[in-house]
Amino acid sequence: MRVCLASTSPARLMLLRQAGISPEAAAPDVDEEAVIAAVESGEGRTLSPDEHVLVLARRKAADVAARIADEQPDFDGIVIGGDSMFELDGEILGKPHTAENATARWHGMRGRTGVLHSGHAVFRLTPGRHAREAHAVAEASVTFADDVTDAEIDAYVATGEPLLVAGAFTVDSLGGPFITRVEGDPSTVVGMSLSTLRNLVRELGVDWPSLWSTPTA
């Protein structure tokens, strides 16, 4: 069973590998800001965090799935798309991009709890058949230590790690020691909920162990 990750995220790729899956990876051609703007304009409202991440996860997976179906008609497997955003007191915190933004984020998050929203979309591609899709959103709350010092924040930001991740933190790398609690599937905070992915894959009639690089006997 082939697996294609519709993302170039190193964290998502490593997460799947740690779960025994060796996926192919393809970058989706999706203008995220334009997609969200178009959907919100069409519906005349602002999307909720769950709706936001699900729209983008589905668009990313759909884009790669369509490309594969066109270029590799014999592809028999699944395409996985995902998107994440962090919410703190109703405010959406995406990737900070700059050291100044990341530092400000950490000063604001210190000692508080936010929610990581993660959208998932899985397309089942079978030669000669129409693609089928399953999708869902997973959430996990994240509590940050209240004794993180300014010096620790500066040092963490200086590594560059928090600049290009949703919420300006990681739980599986340098940011982990500054997080005191995660409620929900921990892998959600890494980038994708493995338990949610398993449910979606099974919904599409695929046995999860069939995705392992070295299937069990």
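This passage describes the overall fold of a predicted model and then one of its helices, α4.

The chain contains seven helices and seven strands. Read from the N terminus, these elements follow the order β-α-β-α-α-β-β-α-β-β-α-β-α-α. Along the principal axes, the C-alpha atoms occupy a box of roughly 55 × 50 × 25 Å. The radius of gyration is 18 Å, which agrees with the value near 17 Å that a compact globule of 217 residues would have.

Of the 217 residues, 47% count as buried. Among contacts with a separation of 6 or more, 70% are made by residues 24 or more positions apart in the chain. The accessible surface amounts to about 10500 Å², and carbon and sulfur atoms contribute 49% of that area. As for charge, the chain carries 32 negative and 18 positive side chains. The centres of these two sets are 7 Å apart.

Helix α4 spans residues 99-109. Its buried residues are Ala102, Thr103, Arg105, Trp106 and Met109. These residues lie on the same side of α4, because they cover an arc of only 160° around the helix axis. The partners of this buried set include two strands, β3 (77-88) and β4 (91-93). The buried residues of α4 also pack against strand β6 (132-144) and helix α5 (150-158). After α4 comes glycine 111, which has a positive phi, near 80°.

Technical notes: Residues are numbered from 1 along each chain as its sequence is written. Side-chain values use heavy atoms; hydrogens and water are left out. Helices (H or I, at least four residues) and strands (E, at least two) are DSSP runs, numbered from the N terminus. The radius of gyration is taken over C-alpha atoms; the globule rule is 2.2 Å times the number of residues to the power 0.38. Buried means under 20% relative accessible area, exposed over 50%, partly exposed in between (1.4 Å probe, protein chains only). Contact means heavy atoms within 4.5 Å. Accessible areas come from the Shrake-Rupley method with a 1.4 Å probe; for residues, only the protein chains shown count as cover. Lys and Arg count as positive and Asp and Glu as negative; His and the chain ends are not counted. The place of a charge is taken as NZ of Lys, CZ of Arg, CG of Asp or CD of Glu. The arc is that of the directions from the helix axis to the C-beta atoms.
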